[in-house]
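Dear colleague,

I am handing over the structure we discussed, together with a short account of what was found in it. Please look through the sequence and the coordinates first; my notes follow below.

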Amino acid sequence: MSDSIRDRRTQYETAGIDVHDLDPDPLVQWQRWHDEALAVGIAEPNAMTLSTIGLDGVPDARIVLVRGAGGLGFDFFTNYRSAKSRQLDVHPAGSATFGWLDLHRQVRARGRLERLSAEENDAYFASRPRGSQIGAWSSPQSEVIADRAALDRLVAATEERFADRTALPRPDDWGGWRLVPETWEFWQGRPSRLHDRLRYRRDASRWVIERIAP
């Protein structure tokens, strides 16, 4: 390992958080932190690292954009034949990590995943830009393709197919997933790596907030 990586240090000089600072509802607290990240200009504050269980049992992860955050959890959209969807069909559990490092903050959420309804999928697909709709029809997501030109040809064929359509229908194999958290952790960086970590866990119908060691 190079010395520049080994010796790089950033002191997190923040006020910290305690149990009484957090909203009783973790999703409300997440929304508060998300809005603060948006306000200071952090790029894509709705980006989360989605971790799943691979078909070979090995963890897999990628960054996706949250397109809905409601009472049940986080929604994102993809091809239902993609690698992540095939994994979730077999192991419908995963975790999300949000990293807002400019604010020295991180949020983790773990839970089950479920497919969104056809009505929810249709509504979101209709809101997408036409280019994104064309892309959803064109790309055989996660499959091997020969080169970029092959993808360009698929896009051109889709554009020709729907040339006379203002609004494209949603492909049958495209839609959303919802991560429904069962545990949360809100992390605030502190000096000397003695960070604040506050965890929400379910106890029957209520959330219990507790501090855990850094």
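I begin with the second largest pocket, where E7 provides the largest share of the lining, four residues. Please bear in mind that the model is a predicted one. Helix H2 (26–39) joins E7 in that lining, each of the two supplying at least two residues. In total 14 residues line the second largest pocket, and those nearest its centre are Gly-71, Leu-72, Pro-181, Arg-202 and Trp-207. By class, its lining has seven nonpolar, three polar and four charged residues. The volume of this pocket is about 180 Å³.

The largest pocket has a volume of about 330 Å³. Its lining consists of 19 residues, with Phe-77, Thr-78, Arg-128, Gln-141 and Trp-174 the closest to the centre. Two or more lining residues come from each of E2, E4, helix H4 (118–127) and helix H5 (130–138). E4 gives the largest share, four residues. Nine residues of the lining are nonpolar, seven are polar and three are charged.

As a general point, an α-helix has 3.6 residues a turn, so residues three or four places apart point the same way.

Is Thr-52 buried or exposed? Its relative accessibility is 4%, under the 20% cut-off, so Thr-52 counts as buried. Thr-52 and Lys-84 are 32 residues apart in sequence, while their C-alpha atoms are 7.1 Å apart in space.

Lastly, Glu-210 belongs to strand E9 (residues 206–212). Leaving aside neighbours within four places in sequence, Glu-210 is in contact with Arg-197, Leu-198, Arg-199 and Arg-201. The side chains of Glu-210 and Arg-201 make a polar contact at 2.8 Å.

With kind regards

Key: Residues numbered from 1 in each chain as written. Predicted model: local features only at pLDDT ≥ 70, side-chain atom pairs only at ≥ 80, totals over all residues. Heavy atoms only, no water. Buried < 20%, exposed > 50% of the residue type's maximum accessible area, 1.4 Å probe, protein only. Polar contact = N/O pair within 3.5 Å; in protein donor to acceptor, adjacent residues only side chain to side chain. Contact = heavy atoms within 4.5 Å. 1 Å grid on protein atoms, 1.4 Å probe; cavity = no way out; pocket = protein on both sides within 12 Å on 5 of 7 lines; lining within 4 Å. Points joined across faces, edges and corners; volume = space filled by probe spheres on them. Nonpolar A, V, L, I, M, F, W, Y, C, P; charged D, E, K, R; others polar.
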